[in-house]
Amino acid sequence: MPTRRERIISLLEERDYSPSELARALDLHGKGSVKIILEDLKAIQKILKRDGKVLLIKPAECRNCGFVFKPEIKVPSRCPRCKSEWIEEPRFKIESK
Ligand SMILES: [Zn+2]
């Protein structure tokens, strides 16, 4: 039985996912699920680096004004420019060689 992190890695090798989509794909529900995924992604980023692979990050974006956040492993709660909370989550993918 693969661990949760191994399952995330195989998903991200197929295509890109947002943290919420990963939580759904892994059957994680509830308030803390995205936080768990973000912690996993940080650990996975280190594992990949060791193996010479890269975790690609499409940054979060404000859906109200189009502001683009820094490419980070986190889900921003509000836009610094327009204060909107309508935020498109970042998307993650493992670069395939
Ligand atoms: Zn905005």
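Tutor: Asp-40 forms a salt bridge with Arg-5, with 2.8 Å between the closest N and O atoms (the term requires a side-chain nitrogen of Lys or Arg within 4 Å of a carboxyl oxygen of Asp or Glu). Because Asp-40 belongs to helix α3 and Arg-5 to helix α1, the contact ties together parts of the chain that are 35 residues apart in sequence; helices here are DSSP runs of H or I with at least four residues, strands are runs of E with at least two, and both are numbered from the N terminus. This is a predicted model, in which local features need pLDDT of at least 70 and side-chain atom pairs count only at pLDDT 80 or more, whereas totals for chains, interfaces and linings use all residues. Residues are numbered from 1 along each chain as its sequence is written, and side-chain values use heavy atoms, with hydrogens and water left out.

Asp-40 also meets the side chain of Arg-4 in a salt bridge, at 2.6 Å from N to O. This second pair again links distant parts of the chain, since Asp-40 lies in helix α3 (residues 33-50) and Arg-4 in helix α1 (residues 4-14), 36 residues apart. Asp-40 is buried, at a relative accessible area of 1%, while Arg-4 is partly exposed at 35% and Arg-5 is partly exposed at 36%; buried means under 20% relative accessible area, exposed over 50% and partly exposed in between, with a 1.4 Å probe and protein chains only.

The structure holds ten salt bridges, and one of them joins Lys-74 to Glu-72 at 3.9 Å, N to O. Salt bridges with shared partners also bring Arg-15, Asp-16, Glu-21 and Arg-91 into one network.

Turning to the metal, the zinc ion has as protein donors the SG atoms of Cys-62, Cys-65, Cys-79 and Cys-82, lying 2.3 Å from it (donors are N, O and S atoms within 2.8 Å of the metal, or 3.2 Å for Na, K and Ca; water is not among the atoms, so sites may look incomplete). The angles among the four donor atoms run from 104 to 114 degrees and the site is tetrahedral, a label given to four donors if all angles lie between 85 and 135 degrees. The donor residues are spaced C-x2-C-x13-C-x2-C in sequence. Cys-62, in strand β2 (residues 61-62), and Cys-82, in the loop between β2 and β3 (87-88), are 20 residues apart and link distant parts of the chain. Cys-62 is buried at 3% relative accessible area, whereas Cys-82 is partly exposed at 28%.

Notes: Tetrahedral: all angles 85-135°; square planar, octahedral: opposite > 155°, others 65-115°.
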